[in-house]
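Here is a short note to read beside the structure. Take the points in order, and keep the 3D view open.

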Amino acid sequence: MSSTTYTADARTSTLLPMLIIGVLFFIMGFFTWLNGPLISFVKVAFTLDDINAFLVPFAFYVSYFVLALPAGAVLKRTGMKKGMVLGLFIMAIGAAVFGEFVRIRVYPGALAGLFVIGAGLSLLQTAANPYISILGPIDSAAQRIALMGICNKVAGALAPLAFGALVMAGIDTFLGQVTTMAEGPARESLLNEFAARVFWPYMSLAGLLVVLAIWILFSSLPEIKPSGANSERSIGHGKGGIFSFPHLWLGVLCLFLYVGVEVMAGDAINTYGQGFGLPLQVTSHFTTYTMVAMLAGYVIGSALIPRVISQQRYLAVSAVLGVLFAIGAFVTHSYVSVAFVAALGFANAMMWPAIFPLAIKGLGSHTELGSAVLIMGIVGGALLPQAFVHLKQYIDFQLAFVIVIVPCYLYILYYGVRGHNVGTHAA
C-alpha cells in the first residue's frame with residue numbers, strides 16, 4: 001500500500017483507523033470538558049474568586065498556542081501515529097502532576113498539570129484532526145469529523161457526571177459547612193480532604209492513558225502523508241509558502257473565535273447559572289446539557305453533510321443559530337436563559353468539523369504546519385472566557401456574555417459564506 005494515498009482496498013478497511021481515532025477523540029473530549037466542573041471545584045478547594053478559578057481553562061487552552069507549532073515540527077519527524085502516542089504519554093504525565101498538586105493544594109502546580117495535559121492534547125489534536133480529514137475525500141471530511149465529534153461529546157457529557165459523582169457529591173452542604181467555619185487547622189483539614197477527592201481519579205486516568213498509548217503504538221494504524229492526500233492543485237494553488245494561503249489564516253481566526261464560544265457555552269455555563277443564584281450542586285452538571293445539545297447537532301449535521309447541504313453552508317446556518325440562541329439567553333432569565341446557553345452546543349456542534357477541513361484544504365506539503373497553526377487557534381478557549389469573567393465584574397453577566405459571543409458568531413458566518421474561499425480558485 002502506498003504511503004501517500006489509499007488504494008481501493010485500503011478505503012474498504014478504514015474501520016480500524018476510524019475506531020482508533022474515535023477512541024482518541026473520546027479521550028480528548030473527556031479531559032477537555034472536565035474544565036467546566038473543575039472551575040467550580042477549584043473555587044471551593046482553593047477558596048478562589050471567579051477570575052482566579054477561570055485560570056483553569058486559561059492554563060489548559062493557552063498550552064495549545066504555545067506548543068502547537070512545536071507539535072507540528074514533532075509530527076514532521078515522528079509521523080502522525082507516533083505523534084499520537086507521544087501526546088498520550090504527555091497527557092498521562094500531566095494528569096499525574098495535576099492530581100498530586102491538587103492533593104497537596106498547591107494551585108500553581110495544579111495549573112501546571114493542566115498545562116501539560118493541554119500540551120499532550122495539542123500534539124494529539126495536531127495529528128488526529130488532519131488524519132481524519134484526509135482519511136477520505138476532503139469534501140466529506142466534515143461528516144467524518146462529526147462522527148469523531150460524537151465520540152468527543154459523548155465523553156464530554158459523561159465527564160461532568162463522573163466528576164460530579166466522584167468529587168462534587170454533597171458540594172452545597174460542604175460549602176455551607178466550610179463558609180461558616182473560622183480560619184484554622186480544622187477548616188484547612190476539611191479543605192484538604194475535599195481536594196484529595198480528585199487524586200485517585202486522575203491517577204487512574206494517567207494509567208489508562210499509558211495503556212492506550214501502548215495499544216496504539218503496536219496497532220496497525222496506517223501512516224498517511226498529507227502531501228499526497230491533500231494536493232494544492234485541488235484549490236488551484238501554485239507555488240508558495242504557508243502565508244500564501246489566505247483561507248487558512250482566515251480559518252485560524254475563525255477557529256480561535258469558535259473555540260472561545262464553545263468553551264463559553266460548555267465551561268462558563270456553570271458560572272453563568274450561578275449568576276442567577278442557582279445551587280452549585282445543580283450548576284456543576286450544566287456542561288452535560290451543552291454536550292447533549294452538541295451531540296444532537298452532530299447527529300443531525302453528519303446526516304445532512306454533504307448529501308443535503310455543504311459543510312460551508314451548514315457552518316453559516318450554525319452561526320446564525322448561535323446569534324439567535326445568544327440573544328435568547330440575554331432576554332430570558334434563570335433556567336430558561338441557561339437552556340439557551342446550552343442550546344449553543346447545538347449551534348456549535350458542526351463548526352469544528354466544517355472549519356478545520358475548509359481551512360486545510362489544498363495545503364499539500366504544508367498540511368502539518370497548517371494544522372499546527374489552526375491548533376494554535378484553540379487559545380481562543382483561554383482568552384474569550386477570560387474576557388467574559390473580567391467584563392462581568394463591571395456590567396451585568398448576561399450582557400457581558402452576549403457582548404463577547406455575538407461578534408464571534410458573526411465572523412464565523414462570514415467565513416462560512418465567503419472567507420473559506422479567499423485565495424482559492426472558487427473565490
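1. In which helix is Leu166 found? Leu166 belongs to helix α7, residues 141-166. Helices here are DSSP runs of H or I with at least four residues, and strands are runs of E with at least two; both are numbered from the N terminus.

2. Some ground rules. This is a predicted model, where local features need pLDDT of at least 70, side-chain atom pairs count only at pLDDT 80 or more, and totals for chains, interfaces and linings use all residues. Residues are numbered from 1 along each chain as its sequence is written, and side-chain values use heavy atoms, with hydrogens and water left out.

3. Now the overall build. The protein has 21 helices and zero strands. Its C-alpha trace spans about 70 × 50 × 35 Å along the principal axes.

4. Next, burial. Of the 427 residues, 59% are buried. Buried means under 20% relative accessible area, exposed means over 50%, and partly exposed lies in between (1.4 Å probe, protein chains only).

5. Back to Leu166. Leu166 is exposed, because its relative accessible area is 57%. Neighbours within four places in sequence aside, Leu166 is in contact with Arg197 and Pro201. Contact means heavy atoms within 4.5 Å. Gly149 is 17 residues from Leu166 in sequence, and their C-alpha atoms are 25 Å apart.

6. Which residues touch the most other members of the largest nonpolar core? They are Phe31, Phe41 and Leu88, in a core of 147 residues. Helix α5 (residues 55-103) gives the most to this core, with 18 residues. A nonpolar core is a set of buried Ala, Val, Leu, Ile, Met, Phe, Trp, Tyr and Cys residues joined through side-chain atoms within 4.5 Å. Residues up to four places away in sequence are not counted here: Leu88 touches Leu24, Ile27, Leu124, Leu209, Leu212, Ala213 and Ile216.

7. Finally, a loop. Lys392 sits in the loop between α20 (380-391) and α21 (397-417). Leaving aside neighbours within four places in sequence, Lys392 is in contact with Asp50, Thr271, Phe397 and Ala400. Gly275 is 117 residues away along the chain, yet the C-alpha atoms of Lys392 and Gly275 are separated by 9.9 Å.
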